[in-house]
Amino acid sequence: MQINLKKWQADMLNELLEQVPANPGKALEEHVSVITYGDLSVGNGWYRQGRVEISPAIRHPRMLIERTLHECGHGIEEWLGKNGHSLYACNLEQIADGFALALLYPNILMEPELKKIKRIYSESLFAEGFPRIDTESLIAKYVRHSEELMQKSFFKHGAKVSSLLSGLFDQQRDGFLRRYSTEANIYSNSQNNVPFQPPDY
């Protein structure tokens, strides 16, 4: 698999992929050949025929990891179908989310609304159980690189553009997958005193 992103982003994703168990890792290699930047037409991300394209506007490590694995999850949908695994009539976006959740936050798959998604992956790629990847340590290791880029933007683009970039960075800090978690919703509501509003696809 080729990862054509900034060096720190590629290094971070490679470290993450090294921790992926053998079965899902093999499926990824079969169905995702390249991860690269896309243009504005891809939205946050896009998958087609083994190619994952990620928006260059995604700057925070958590959002980059989550969005990349979600788009890879669309490749995993193909693998599941080709290998005869039932999708239990689940929404394809949730199936893609489920792959990322299985690797990053498997405890969220215990939420009642994700029972079918958990079953799909328990019966296929994660029959031996879900991994315990230390995502937080990985994010903490690489977040300084994205913060340094933010600082450089202040000198390159001026205060107005840099303020917009900083706001975007803050929005991406919590990612988007944990919207499924009851705990995440409770935390968000208590901190902001407003309904939790996850980003759109």
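1. **H4 meets H5.** Gln94, Ile95, Gly98 and Phe99 of helix H4 touch Ile117, Ile120 and Tyr121 of helix H5. Contact here means heavy atoms within 4.5 Å. Helices (H or I, at least four residues) and strands (E, at least two) are DSSP runs, numbered from the N terminus. Sorted by class, this contact holds five nonpolar residues, two polar ones and no charged ones. Nonpolar covers Ala, Val, Leu, Ile, Met, Phe, Trp, Tyr, Cys and Pro; charged covers Asp, Glu, Lys and Arg; the others, Gly among them, are polar.

2. **What kind of model this is.** The model is predicted: local features need pLDDT of at least 70, side-chain atom pairs count only at pLDDT 80 or more, and totals for chains, interfaces and linings use all residues. Residues are numbered from 1 along each chain as its sequence is written, and side-chain values use heavy atoms, with hydrogens and water left out.

3. **The overall plan.** The protein has eight helices and four strands. Read from the N terminus, the order is β-α-α-β-β-β-α-α-α-α-α-α. The protein has 201 residues, and 46% of them count as buried. Buried means under 20% relative accessible area, exposed means over 50%, and partly exposed lies in between (1.4 Å probe, protein chains only). Take the contacts with a separation of 6 or more: 63% of them join residues 24 or more positions apart.

4. **The geometry of H4 and H5.** Two packed helices are described by the angle between their axes and the distance between the axes. H4 (residues 92-104) and H5 (residues 115-122) pack at about 60°, with axes 10 Å apart. Axes are lines fitted to C-alpha atoms, for helices over the stretch in contact, and angles run from 0 to 180 degrees between N-to-C directions. H4 is therefore oblique to H5. The scale: under 35 degrees is roughly parallel, over 145 roughly antiparallel, 65 to 115 roughly perpendicular, and the rest oblique. The crossing of H4 and H5 is right-handed.

5. **H3 against H4.** H4 also packs on H3. The two axes come within 7 Å and cross at roughly 115°. This crossing is right-handed. From H3, the residues in contact include Ile65, Leu69, Cys72, Ile76 and Leu80. From H4, they include Leu92, Ile95, Phe99 and Leu103.

6. **H2 against H3.** How do H2 and H3 pack? H2 (residues 22-31) and H3 (residues 61-82) meet at about 100°, and their axes are 9 Å apart. That makes H2 roughly perpendicular to H3. H2 supplies Ala27, Leu28, Glu30 and His31. H3 supplies Cys72, Gly75, Ile76, Glu78, Trp79 and Lys82. The contact of H2 with H3 has five nonpolar, two polar and three charged residues.

7. **The two sides of H2.** Which residues of H2 are buried? They are Pro24, Gly25, Ala27, Leu28 and His31. Seen down the axis of H2, these buried residues fall within an arc of 160°, so they line one face of the helix. The arc is that of the directions from the helix axis to the C-beta atoms. An α-helix has 3.6 residues a turn, so residues three or four places apart point the same way. On the other side of H2, Ala22 and Lys26 are exposed. The buried residues of H2 pack against helix H1 (7-18), strand E3 (45-48), H3 and H4.

8. **Glu30.** Glu30 belongs to H2. At 47% relative accessibility, Glu30 is partly exposed. Its C-alpha atom is 9.1 Å from that of Met1, 29 residues away along the chain.

9. **Met12.** Met12 sits in H1. Met12 is buried, with a relative accessible area of 0%. Neighbours within four places in sequence aside, Met12 touches Pro61, Leu64, Ile65, Leu138 and Tyr142. The C-alpha atoms of Met12 and Lys141 are 8.7 Å apart, although 129 residues separate the two along the chain.

10. **Two positive phi values.** Gln49 is not a glycine, yet its phi is positive, near 50°. Gln49 lies in the loop between E3 and strand E4 (51-54). With 75% relative accessibility, Gln49 is exposed. Tyr88 is not a glycine either, and its phi is about 50°. Tyr88 lies in the loop between H3 and H4. With 23% relative accessibility, Tyr88 is partly exposed.

Notes: A crossing is left-handed if the near helix is turned anticlockwise from the far one by less than a right angle, and right-handed if clockwise.
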